[in-house]
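Subject: Handover of a structure and the findings from it

Dear colleague,

Please find below the structure that I am handing over to you. My notes on what was found in it follow, and I would ask you to read them with the structure open.

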Amino acid sequence: MRVRSAAVALVALAAAACNRAPDLPRATLDRADSAAAATAIPDAASPDVTPDRSTPSTPADASTPAVASTPAHASTPADASASAALAPIPPDPLFTDLSIPGFPEAVVSVPNGATSPRPVIVVLHGSGDRPDWNCDAWRHITGARGFVLSLRGKYVPSESTKDDRRYTHLGGAYLRAHVDAALEALAARFAGYVEIDRPLLAGFSLGATEVAELAIGAPARFPRVALIEGGQSVWNAVTIHSFAAEERRVLFGCGSTWCLSPAKAAALRLERGGVPVRTVSARVGHTIDRPLQEAVMTELSWFLQDDSRWAVTP
């Protein structure tokens, strides 16, 4: 699936993705503005960190995870004085690559200027998609108040060109291990600056289905999920019952005409099952372009309700 570009004032990255569903229309793609590079952001352990590139290197083989699927632990300073002693994260770059042992590197949006631990939203792109566009979208939606950890799926040659490499996530146990390893790598790379406990989850298209299944499998760890252009069909009586609790939240976002009806139906099932839910839409087609991002932002305070970690300013 392909999408039109959305201009970005600071960094020319745009949000897009695609779904594996065979009945979805393919849109044309114009990404001339997505090749802007960022300079490297210093690592606590090493100053030589490569930022995200418009033509990223071939990812690691995704067939066998190199780490066990064990829950990540929060990386929080031991006391308030340690937090207060943190130097501000530099103003540039806005985005950087994150190496993850045994998995493809991720794209990270950095909360520039942060001097205290910041929360994380883990983002999954669609099928035959790229992580940088989705990372940009969620940086805009969240106002860069936390880290946006946009995972890269397995390289798909049939969906790629020489100058535009595309990826698709593998699900199940592999994806759980991928998320665990990515959060641990983020905590190590930005030691003291990141709080990885109870991250938000967001996904586009196929990625929406995958994050919904992650949340259903571990609702206490992933209590809030944003599902853009997908993820409606996984919500049935059994999955809703396993996920339901007062602090849980599900947010649906639709850009295409086919999405809204199943999203509203899923929202009704969730409400009846005791799960707080909201649905927003904007006519952008099968994308997460700026108008849909703005629609999601109208429900952001509800989505983040009672999570004070996201109350800080950038």
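Confidence in the model

The mean pLDDT of the protein is 80, and 73% of its residues reach 70 or more. Over residues 1–83, however, the pLDDT is below 50, although this stretch has 217 contacts in the model beyond near neighbours in sequence. Where pLDDT is low, the predicted coordinates should not be read in detail.

The sheet

In what order do the strands of the open sheet stand? The sheet has eight strands in the order β1-β2-β4-β3-β7-β8-β9-β10, and the pairing is mixed. Its edge strands are β1 and β10 (277–281), each of which pairs on one side only. From one strand to the next, the twist averages 20 degrees.

Both senses of pairing can be followed in detail. Strands β1 and β2 run antiparallel and are joined by five bridges, with L98 opposite A106 in β2. The hairpin of β1 and β2 has two residues between the strands, and G102 there takes a positive phi near 85 degrees. Strand β2 also pairs with β4 (residues 147–151), again in the antiparallel sense, over three bridges; here V107 stands opposite S150 in β4. By contrast in sense, β7 and β8 pair parallel over four bridges, and G203 stands opposite L227 in β8.

Helices on the sheet

Helix α4 lies across β3, β7 and β8 and runs at about 150 degrees to β7. Helix α6 (residues 257–272) also packs on the sheet, where α6 touches β9 (249–254) and β10; its direction makes about 165 degrees with that of β9.

Why can α4 be called largely enclosed? Buried means under 20% relative accessible area, and 10 of the 12 residues of α4 are buried, so the helix is largely enclosed by the rest of the structure. The buried residues include L206, V211, L214 and I216, and also T209 and E210. Among the elements that cover the buried residues of α4 are β3 (120–124), α3 (172–189), β7 (200–204), β8 (224–228) and α5 (237–243).

The nonpolar cores

Which residues touch the most other members of the largest nonpolar core? This core has 53 residues, and those with the most contacts to other members are F147, L149, W235, V250 and F252. The largest share of the core, 10 residues, comes from α3.

P199 is situated in the loop between α3 and β7. With a relative accessible area of 1%, P199 is buried. Beyond residues up to four places away in sequence, P199 touches V120, V122, L183, R221, F222 and P223. The C-alpha atoms of P199 and P119 are separated by 6.7 Å, although the two residues are 80 apart along the chain.

R198 lies in the loop between α3 and β7 as well. Its phi is near 50 degrees, a positive value in a residue other than glycine, and at 35% relative accessibility R198 counts as partly exposed. A positive phi, of about 70 degrees, is also found in D306, which is not a glycine. D306 lies in the segment after α8 (300–303) and is exposed, with a relative accessible area of 71%.

Finally, a cis peptide bond joins D92 and P93, with omega about 0 degrees. P93 is found in the loop between α1 (80–84) and β1 (95–100).

Yours sincerely

Terms used. Residues are numbered from 1 along each chain as its sequence is written. This is a predicted model: local features need pLDDT of at least 70, side-chain atom pairs count only at pLDDT 80 or more; totals for chains, interfaces and linings use all residues. Side-chain values use heavy atoms; hydrogens and water are left out. Buried means under 20% relative accessible area, exposed over 50%, partly exposed in between (1.4 Å probe, protein chains only). Contact means heavy atoms within 4.5 Å. A nonpolar core is a set of buried Ala, Val, Leu, Ile, Met, Phe, Trp, Tyr and Cys residues joined through side-chain atoms within 4.5 Å. Two strands pair if DSSP finds at least two bridges between them. pLDDT is the predictor's confidence in each residue, from 0 to 100. Axes are lines fitted to C-alpha atoms, for helices over the stretch in contact, and angles run from 0 to 180 degrees between N-to-C directions.
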